[in-house]
Amino acid sequence: MKMNWDNLGFGLTPTDFMYVMKTSGDGCVFDDGQITPYGNIEISPSAGVFNYGQGLFEGAKAYRREDGHVQLFRIEENARRIKMGADRLCMPAPSVEQFVDAITKTVLANKHWVPPAGKGSLYLRPLLFGSGSVLGIGPAPEYSFIIFASPIGNWYKNGSSAMSLLIQNKVARASLGGTGGIKSITNYAPVFEVVQKAKAQGFADVLFLDAATGKNIEEVSSCNIFIVKGNLISTPALQGTILPGITRRSVIEIALDFGYQVEERDVPVKEVLDADEVFCTGTAVGITPVASITYQDKKVEYKTGEETVSNKLRVNLTGIQTGAMEDKMGWTVMID
Ligand code: COI
């Protein structure tokens, strides 16, 4: 198939191969996995994932450098995060080595699907789920780990796209003691309704508040959030209700390196409404500026464009991810 790399968005373009690995025996250990043609899988209707939501996903990207080589960004962090989620959901997880090996094999098998430098990236979607049959509530007796891939475009296009967010206080995304801090598949569908309603009103997404007080911001349905006031960059602290984003962590480390003051703490809505800049971070969104936030019918606008803190961070992060800038953090690995 001849791809038009200029028209990529964030949608599924199926690639040739996927990676499949299953547990055997008592369901605790993953056997060697393999690359298979991309396609449907056979699974019992009584699988744990369908009945009790025992499942996690991850998101990662492979980037093509200007010299044509392909590289991965902080992929061990995805391996560690899926292990953390697996512990919470009583699932075995692939080891860090198995995870990195599986990602590498998936990318190399689909190498010609990695877009040219500057046109996008190959998005990788690892899935870990209870594939064994259960009826009584409890962990499944068998698990599957699958990675599929899709070329995707740059979410952020040359400073021209910025998000408008809606703060609402009817639906909570996560609560203390819940699963907001892991990438459980069950965290996403419960917010579809409220996000769809916001999109119908012209918003890009919803910014959720903490369930306990409704006073502090937490995260957007698909990404973490930061606010900027002067030299201070603040983001909600990880207290089990917010996804520990790998882009979030990288932005904090780059910002500290640039000399900004960075605080992870409670971020009250009233402070957000008074910020100079707001931006979102995530594997899918990268670093995307927020143009406005609407709260209780009041719309506040923020600085966006070339001369912003978020743009400085974005240029640096994407430079490292795509190999255009020196990676002094040691975050990337070339795989071909
Ligand atoms: C990612 O950024 O990779 C995510 O997993 C968010 C997703 C809901 C698009």
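# Helix packing and salt bridges in a predicted model

The crossing of helix 2 and helix 3 is right-handed, and helix 5 likewise passes helix 7 in a right-handed crossing. The structure described here is a predicted model, and the values below were computed from its atoms. A count of salt bridges in the model comes to 19, and Arg74 takes part in a network of them together with Arg248, Arg249, Glu253 and Glu264.

**Helix 2 against helix 3**

- Helix 2 and helix 3 pack with their axes 9 Å apart, at an angle of about 125°, and this angle makes helix 2 oblique to helix 3.
- On the side of helix 2, the contact is made by Ile75, Glu76, Asn78, Ala79, Arg80 and Ile82, while helix 3 contributes Val96, Phe99, Val100 and Ile103.
- Sorted by class, the residues in this contact of helix 2 with helix 3 are seven nonpolar, one polar and two charged.

**Helix 5 against helix 7**

- The axes of helix 5 and helix 7, the latter spanning residues 309–322, lie 10 Å apart and meet at an angle of about 115°, which makes helix 5 roughly perpendicular to helix 7.
- Helix 5 brings Thr247, Ser250, Val251, Ile254, Ala255 and Phe258 to this contact, and helix 7 brings Lys312, Leu313, Asn316, Leu317 and Ile320.
- By class, the contact of helix 5 with helix 7 has seven nonpolar residues, three polar residues and one charged residue.
- Asn316, which is found in helix 7, is buried, with a relative accessible area of 18%, a value that falls under the 20% limit for that class.
- From C-alpha to C-alpha, Asn316 and Thr288 are 13 Å apart in space, and they are 28 residues apart in sequence.

**Arg74 and its surroundings**

- Arg74 has its place in the loop between strand 6 and helix 2, and at 10% relative accessibility this residue counts as buried.
- Not counting residues up to four places away in sequence, Arg74 touches Ile246, Arg249, Ser250, Glu253 and Trp331.
- With one of these residues, Glu253, Arg74 forms a salt bridge in which the closest N and O atoms are 3.7 Å apart.
- Because Arg74 lies in the loop between strand 6 (70–73) and helix 2 (75–88), whereas Glu253 lies in helix 5 (residues 246–258), the pair ties together parts that are 179 residues apart in sequence.
- The two partners fall into separate accessibility classes, since Arg74 counts as buried at 10% and Glu253 counts as partly exposed at 25% relative accessibility.

**Two further salt bridges**

- Asp6 and Lys119 meet through their side chains in a salt bridge, with an N to O distance of 2.6 Å.
- Asp6 lies in the segment before strand 1 (17–24) and Lys119 in the loop between helix 3 (96–109) and strand 7 (121–130), so this pair ties together parts that are 113 residues apart in sequence.
- Asp6 is exposed, with a relative accessible area of 53%, whereas Lys119, with a relative accessible area of 34%, is partly exposed.
- Asp101 and Lys105 also meet in a salt bridge between their side chains, at 2.8 Å from N to O, and both residues lie in helix 3, four residues apart, which is about one turn of the helix.
- Asp101 counts as partly exposed at 34% relative accessibility, and Lys105 is likewise partly exposed, with a relative accessible area of 39%.

- Glu193 lies in helix 4, which covers residues 192–200, and at 56% relative accessibility Glu193 counts as exposed, given that the class takes in values over 50%.
- Glu193 and Ala204 are 11 residues apart in sequence, and their C-alpha atoms are 14 Å apart in space.

Note on methods: Residues are numbered from 1 along each chain as its sequence is written. This is a predicted model: local features need pLDDT of at least 70, side-chain atom pairs count only at pLDDT 80 or more; totals for chains, interfaces and linings use all residues. Side-chain values use heavy atoms; hydrogens and water are left out. A salt bridge is a side-chain nitrogen of Lys or Arg within 4 Å of a carboxyl oxygen of Asp or Glu. Helices (H or I, at least four residues) and strands (E, at least two) are DSSP runs, numbered from the N terminus. Buried means under 20% relative accessible area, exposed over 50%, partly exposed in between (1.4 Å probe, protein chains only). Axes are lines fitted to C-alpha atoms, for helices over the stretch in contact, and angles run from 0 to 180 degrees between N-to-C directions. Angles under 35 degrees count as roughly parallel, over 145 as roughly antiparallel, 65 to 115 as roughly perpendicular and the rest as oblique. A crossing is left-handed if the near helix is turned anticlockwise from the far one by less than a right angle, and right-handed if clockwise. Contact means heavy atoms within 4.5 Å. Ala, Val, Leu, Ile, Met, Phe, Trp, Tyr, Cys and Pro count as nonpolar, Asp, Glu, Lys and Arg as charged, and the others, Gly among them, as polar.
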